[in-house]
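I opened this entry to look up a few strands, a helix and the rings around them. The notes follow in the order I made them.

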Amino acid sequence: MKKAIYAGSFDPITLGHLDIIERAARMFDTLVVAVLENPNKCSLFTVEERKEHLELVLCNMKNVEVASFRGLLADFSKEIGATVAIRGLRNTMDFAVEYQMYLINRKLGKDMETVFLAADEEHLSLSSTNVKEVAVFGGNIDFMVPQEIKPFIIEKYKK
Ligand code: ADP
């Protein structure tokens, strides 16, 4: 049984994240999509809300589980028995950051491997930050996020 983990802020989940999830789920027996609780990051949605969004979007994917964690990816992966970390790469900036994380994770978790999936060309410019920058001014986010979570984003900015 090969278990992989795809961790991120998912604040909110984008179509770029979803594409990585769908592709990784086809490669492993189980994929755990984990919301990283980062107290240093100011987020739009709470961890519970982000988990609910992921559960809603991923409910038909039988081998995908949703979780959240605090602390190190290496520690949480060990705790749940995941041996592969999935990361998405959009550009050379992602590569520079992700490669450093890979080196650190390899030191922290000796049995951990990282698999990098290149972003689909349609999603190269998508990030959670971009979604928020467009949504705050009421712009069209149809091409950025799964339809199911669009109302939650719109609602958040009404308040
Ligand atoms: P962070 O943890 O920095 O907030 P995210 O939650 O946005 O990052 O992303 C988690 C992972 O998904 C990272 O590996 C990131 O490179 C990747 N990713 C983010 N956006 C996309 C996208 N549009 N296409 C493919 N991969 C992406």
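I looked up Phe-116 and got a relative accessibility of 28%. Buried means under 20% and exposed over 50%, so I filed Phe-116 as partly exposed. The model is a predicted one.

Next I checked the ring partner of Phe-116. Tyr-102 and Phe-116 form an edge-to-face pair, 6.2 Å centre to centre with 70° between the planes. Tyr-102 sits in helix α4 and Phe-116 in strand β5, so this pair ties together parts 14 residues apart in sequence.

I then searched the whole structure for aromatic pairs and found 5. One of them is Phe-95 with Tyr-99, stacked at 5.5 Å centre to centre and 25° between the planes. Both residues lie in helix α4, 4 residues apart, about one turn of the helix. Phe-95, at 41%, is partly exposed, and Tyr-99, at 38%, is partly exposed. I noted that ring pairs link Phe-95, Tyr-99, Tyr-102 and Phe-116 into a cluster.

From the rings I moved to the strands. β4 (residues 84-89) and β5 (residues 113-118) pair in the parallel sense over 6 bridges. The chain gets from β4 to β5 through helix α4 (residues 92-108), and I logged this β-α-β crossover as right-handed. Within the pairing, Gly-88 stands opposite Leu-117 of β5.

I also looked up β1 (residues 3-8), which pairs with β4 in the parallel sense over 2 bridges. Ala-4 has Val-84 of β4 as its bridge partner.

Is β4 enclosed or open? I counted 5 of its 6 residues as buried, so β4 is largely enclosed by the rest of the structure.

Notes. Residues numbered from 1 in each chain as written. Predicted model: local features only at pLDDT ≥ 70, side-chain atom pairs only at ≥ 80, totals over all residues. Heavy atoms only, no water. Buried < 20%, exposed > 50% of the residue type's maximum accessible area, 1.4 Å probe, protein only. Pairing = 2+ DSSP bridges. Right-handed = clockwise from strand over helix to strand, strands pointing away. Phe/Tyr/Trp six-rings, centres within 6.5 Å; stacked < 30°, edge-to-face > 60°.
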